[in-house]
Amino acid sequence: MKLMQHLATAALALGVATGAMAADKTKVGFIYVGPIGDGGWTHEHNTARLAVEEHFGDQVETTFVESVPEGADAERAITQMALGGADLIFTTSFGYMDPTINVAAKFPNVKFEHATGYKRADNVSTYSARFYEGRAVEGLLAGKMTKSNIIGYIGSFPIPEVIRGINSAYIQAKKVNPDVQFKIVWAYTWFDPAKEADAAKVLIEQGADVILQHTDSTAPQAAAQEKGNVFTFGQASDMIEYAPAPRISSIIDNWGPYYIERTQAIIDGTWTSTDTWAGIGAGMVGIGEITDAVPADVKEAALALKDSIASGAYHPFTGPLNKQDGSAWLAEGETADDGTLAGMNFYVEGIEGSIPQ
Amino acid sequence: MDLSSINPILLLASLMVAATPVLFAALGELIVERAGVLNLGVEGMMITGAVAGFIVAVETGSPTMGFIGAAVAGALLSMLFALLTQVFLANQVASGLALTLFGLGLSALLGQGYVGVKPPSTPKLDLGMLTDLPVIGRILFVHDAMVYVGLLLAVAIWFFLARTRAGLILRAVGENHDAAHALGYKVVRIRFAAIAFGGACAGLGGAYLSLVRVPQWTEGMTAGIGWISLALVVFASWKPGRVVMGAYLFGGVNVLQLNLQAAGAAIPVEYLAMSPYLITIIVLVIMSADRSRAPASLGRPFHASH
Amino acid sequence: MFKIEKRPTPSAKWNWGAPIVAVVLTMIFGGALFAVLNVNPFLAIEKIFYEPLFGEYSFYYRPQLLVKAGPLILIAIGLSLGFRAGIWNIGAEGQYIIGALCAAGLALAVYPMELPILFPLMVIAGAIGGALWGLIPAFLKTRFGTNEILVSLMLVYVAEQLLASMALGLMKNPEGMGFPGSRNLQQYPSANNAELIAGTGMHWGVVAALISVIFAYVVLSRHMFGFHLRMSGLAPRAAKFAGVNPTRMVLICMGISGALAGMAGMFEISGPAGQVSIDFNVGYGFTAIIVAFLGRLNPVGILLAGLLMALTYIGGEITQSQMGLPLAAIQVFQGMLLFFLLAMDLLTNYRIRPAAKEAV
C-alpha cells in the first residue's frame, strides 16, 4: 500500500497546489486510442479538444497523449496525466474502462470521463453518442436511393455499437423499401484503409449501389466515385470533399459541446458523476448536409425523421419488431430500453447472415 | 448463400489492383536481398513514400509527379539504412526495424496538414481496343498505368537478373561478397544502389495506396503491408515471377474472402479473415520441394579488410 | 580519408563508451528536431531521460520501467538464442498472443474457483502455448524446408485473428453487457499476477525476465549448448561435424523462444493488461527483436537495452502529455537513438584511423 500512500500524498500535494493556483488554469487531459491524424475517431475527439481550447482561451489548458494501447499502457498514461495536475481527464476508448476506474480510485480529487463504457464511480462519468439515430436517417436515405435494392455495409468488428447501427439502418430502409437487402462485410480490423477499399469494391461488384460504413476512411467514397451511381455516407467526419455525390450525407461525431459543458462544470465546481448517452437532439450526433443528389421529397422525409428523432417524438427502435430468428422483441408501439440497446447482440428480422461470435 | 453474386471477372480485375502496392515493395526488396542485404524497413519506406507522394501530388496537382516524389523519398530514406549497414557496418535486422519506426514517425510529422484532403485522381490508362476484348479485356486492360508498371517491372527485373552482366554482378555480390570484392567489384557501391532501388520501389508501393487504392492520407495507413511484402520475397524464393504470383495469390485470397462474406458464405468470418495468411503458408509448404535458397551473403556485414 | 580496421577483439572501453556517445548524439539531433517543432529541446530531453528516473514522480515511473521492460527482455532473451544460431523467429508477437490466450483460457475455464495451483498452471499453459505456436514454423522448416521467417510472421496475423475471435466470442465476459473482452483477471485472485511488493512494479513476469537473463548468461558462457548455438550460426557445416543436430537445434531454439514469448504474454494478461481484448498485443514481440540486437544478443546487453527502450517509451509519454510533443516526434527520436546506437557499435569492433596515402 506504499504506492497508494505515495500517490495519495502526491495527489493531495497537487490538490493543494492547484487549489492555490485555482485562479489561473484548469487542466484538461485527453487519452486517445489512435493518432490524431487518423481522419476518424481520434481526429474528431481532437477537434473537440481544440474547440475546448478555443472556447475557454487562457482559462483552460489541454493536453493529450495519442495512440495509447489499452491495458497497462493506458493505466500509466492516465496516472501520469493525473500526476501532471489534470483536473479532468477524458479517456476516449472503450478499452480504457478498467484502467480509468483503477486510476480514478487513486485520485479521488481528479474527475474522469470515460467514453462508451458502463462502469462509473463518484469521480468517473461515462458518455457516449447514440450514433444509431444517425444510422436511422442513413437507412431511410439508403432505402430510397437504391435501385438494385442491395445495400452494402462495412463493419469493423461485430460489437454491439456496430450491430446497433446495422439494425437501425435496416429498419428504416425496410420501411421505405420492402425489397431491400443488406450485404454485410466485416473487415475484422479497426484500421486498414486498403482493406476498407477492397471491401467497398467487393460490395459494389456484388450489386450494392448504396454503401454504409462503420469504418473511418474515405476509401469507400473513392471506390463509389470511381464506379459512379453508387452512394455513400461520410463517417466520423463530414467527408464533404466527396459531395454532392457519392457522399449524400454523413454522420458526424460532435464531442465539442459535451467537452465544453463538462469543462465548465469543473470550473464552476458543479461536476458530478453522470451517465450521458446523447444523440441528434443534444447535438452529439451530427447529420451532415444532405446533398442535391437526393430528390427533394426524399430529403424532406429524411429531415422529418431526423427532427422527430431529435425531439424525442420517435425512437428508431419502435415495435413491432422481431428478432432475426422470428421471436418477438418489441410489441406495437414499444421502444427498446437502453440496456438492451447497449449490449445488442442480435439482428432484427429480415437481415440475412449471422453475427460472427 | 448466393455465390452466383460473385463475378469472377470483376474479382480478377480487383485483385490486380489490390496486389499492386505489395508487388512494388516486394520487387524492390527482392533486388536488395539478391544483393545480399536484408532490409526490414520496407514498412517505413512505404509509408514515407505514401505521404511524400500524397503531398507532391496534392501540391502539384499531378499524380505522376506524386509517384516520382514517392520514389525519391523512399530512396532517400533507404540511404539512411545503407549508410548504417554499409558504412557503419551496423546490424541489418535491427537497422531495418529502426528504419520502420523512424519512417512511421517521420511520415506522421510530414502529413500533419494533409488529413482529410482529397488527392488528384489517377486516370485509367486508355487502352482502346484492348479493353473491348471479351473477358480478358475486362480483367487485364481496365487499370491505371501503375498496375502495368508493376508488371513490367517484374519482367525487367527478371531480365536484369537472368540476362544481363550487371544482374550477374549483383547476384555475385549477394552470393559471396568476399569473392566479388576480390574480383574487383565495388561491393558497397553496388549495395547502395540496390538499397536505393528497393527504397524507391517501396515508395511507389506506398504512393499507390495513398493516391490510387484508398486514396487519402492517414497516419499509419500502410497497416502492415510492408511486412507482407517482406514475407512474399521469401515466399517467392527470390524470383521475380514468383513475386507476382505470390502478390496475386495473397491479394486474391483477400478479395475472395471479402466476396464470400458479402455473398453470405457459411464460413465463420474469423477463419475467412485469417485465410490469406494460412493459404500463403500452405502454398509455401507445397512449393518447398523446390529448394531454392536465400542468397548466401544475405544479412552478413561486409568489410573489405583483407 | 579514414580507414576502418577490424579490431582483433572488441574494445572494452568502447563497449561502454559507444552507447554513451550514441545517446549524446541523439540528444543533439533530437533536440534540434524538437526545436524545429517549437518545443524547448532541453526541457524535452530532461523529461525523456531524467524525469522517469529521478523526477518528482519517479516513485511511480521507476516501477513502470520494470513493467514495460519485463516482457521485452523476456522475449528478447528467447529470440537471441535462435538469432545466434541463425534461426529467424520474427513471430514472437504471435507466440506472445497464444501464450496469453492459453493461460487466460485456463483461468476463465475454472473461474471463479480459488486454486493456489492455478497460477503456476497458467504459467505452464502459457509457455506450452507459445512453444507450440513457435514449433509450427520449426516443424515446417525441418520437415519441408519451409522458410521460418515467412511462416512465423504469417502466424502473427493468424494469432491476432484468433485473439479477436476469442475476445468477441468464447472468452467474452458473460457479465460484460455484450461488450467484447473477457473478465478482468486482476479481479480473480488465484489468476492474478499482482505486484509481489506493492509499488515496486515487481511482478512474476519481471522476476522471470531476470531469471532468464541469468539463465541465458550461464548457458551461453559456461555450457556446451551455448557453444553449439554460436557454431551453428557462424559455421553450420563445422557444427554438423561437431555433432550438432541441426533439426534439433531449430526445434530447441524455436521452442524456447516461443515458450518465453508465451510466458511473457501470460504474465501480461494476468497482470498489467488483465483481460483478453481485441487489442491486447501492443508490439512487444517486434520491439523485442530490436532489443535483442541492441543488446548485441548478449543477456546483460539485452537487459540494459530493454530498460533503455522502456525509458524512451515512458519518457516519451511524459513529453507528450506535458509538452504537447506529438507521438510522431517521439518515434523519430526513438528511431534516431536506435540509428546512433547501431552505428556507434562500429567503434567497439573496429578502429578508425587516418588512412595511409597508398591505401586509398
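How many bridges pair strand 1 of chain A with strand 2 of chain A, and in which sense, parallel or antiparallel? Strand 1, residues 26–31, and strand 2 pair over 6 bridges, in the parallel sense. One pair of residues to look at there is A:K27, which stands opposite A:E61 in strand 2 of chain A.

Before I go on, please note that this is a predicted model. The predictor gives the complex an ipTM of 0.91 and a pTM of 0.92. Chain B has an average pLDDT of 91, with 97% of the residues scoring at least 70. Among the elements of chain B, the highest mean, 97, belongs to helix 2, residues 42–60, and the lowest, 83, to helix 5, residues 136–140. Chain C has a mean pLDDT of 90, and 98% of its residues reach 70 or more. Within chain C, confidence is highest in helix 4, residues 92–110, at a mean of 96. Confidence in chain C is lowest in strand 1 of that chain, at 77.

Next, strand 6 of chain A, residues 150–155. Is strand 6 enclosed or open to the outside? Of its 6 residues, 6 are buried, so strand 6 is largely enclosed by the rest of the structure. As a reminder, side chains in a regular strand alternate between the two faces of the sheet. In strand 6 of chain A, A:I150, A:G152 and A:I154 point one way, while A:I151, A:Y153 and A:G155 point the other way, and all are buried.

Strand 6 of chain A has parallel partners. With strand 7, residues 181–186, strand 6 runs parallel and is joined by 6 bridges. Here A:I150 stands opposite A:Q181. With strand 8, residues 210–213, strand 6 pairs in the parallel sense over 4 bridges. In that pairing, the bridge partner of A:G152 is A:I211. Strand 6, helix 6 of chain A, residues 160–176, and strand 7 make a right-handed β-α-β unit. Strand 7 of chain A is itself largely enclosed by the rest of the structure, because 5 of its 6 residues are buried.

Further along chain A is strand 10, residues 247–253. This strand is mostly covered, with 7 of its 7 residues buried. What does strand 10 pair with, and in which sense? A:Q235 has A:I251 as its bridge partner in strand 10. Strand 12, residues 285–288, pairs with strand 10 in the antiparallel sense over 4 bridges. There, A:D253 has A:V285 as its bridge partner.

Now the contacts between chains. Between chains A and C, the contact takes 39 residues from chain A and 31 residues from chain C. On the side of chain A, the elements giving two or more residues are helix 1 (2–20), strand 2 and helix 3 (72–83). By class, the side has 21 nonpolar, 12 polar and 6 charged residues.

Finally, chains B and C. Here 35 residues of chain C are in contact with 35 residues of chain B. Which elements of chain C give two or more residues to this side? They are strand 1 (2–6), helix 5 (118–144), helix 6 (148–168), helix 11 (284–294) and helix 13 (327–349) of chain C. Helix 13 of chain C provides the largest share, 12 residues. By class, the side of chain C that touches chain B has 24 nonpolar, 8 polar and 3 charged residues. As for strand 1 of chain C, it is where confidence in that chain is lowest, at a mean of 77.

Notes. Residues numbered from 1 in each chain as written. Chains lettered and ligands numbered in written order. Predicted model: local features only at pLDDT ≥ 70, side-chain atom pairs only at ≥ 80, totals over all residues. Pairing = 2+ DSSP bridges. Buried ≥ 20, exposed ≤ 12 C-beta atoms within 10 Å, placed from the backbone. Right-handed = clockwise from strand over helix to strand, strands pointing away. Contact = placed C-beta atoms within 7 Å. Nonpolar A, V, L, I, M, F, W, Y, C, P; charged D, E, K, R; others polar. pLDDT = per-residue confidence, 0-100.
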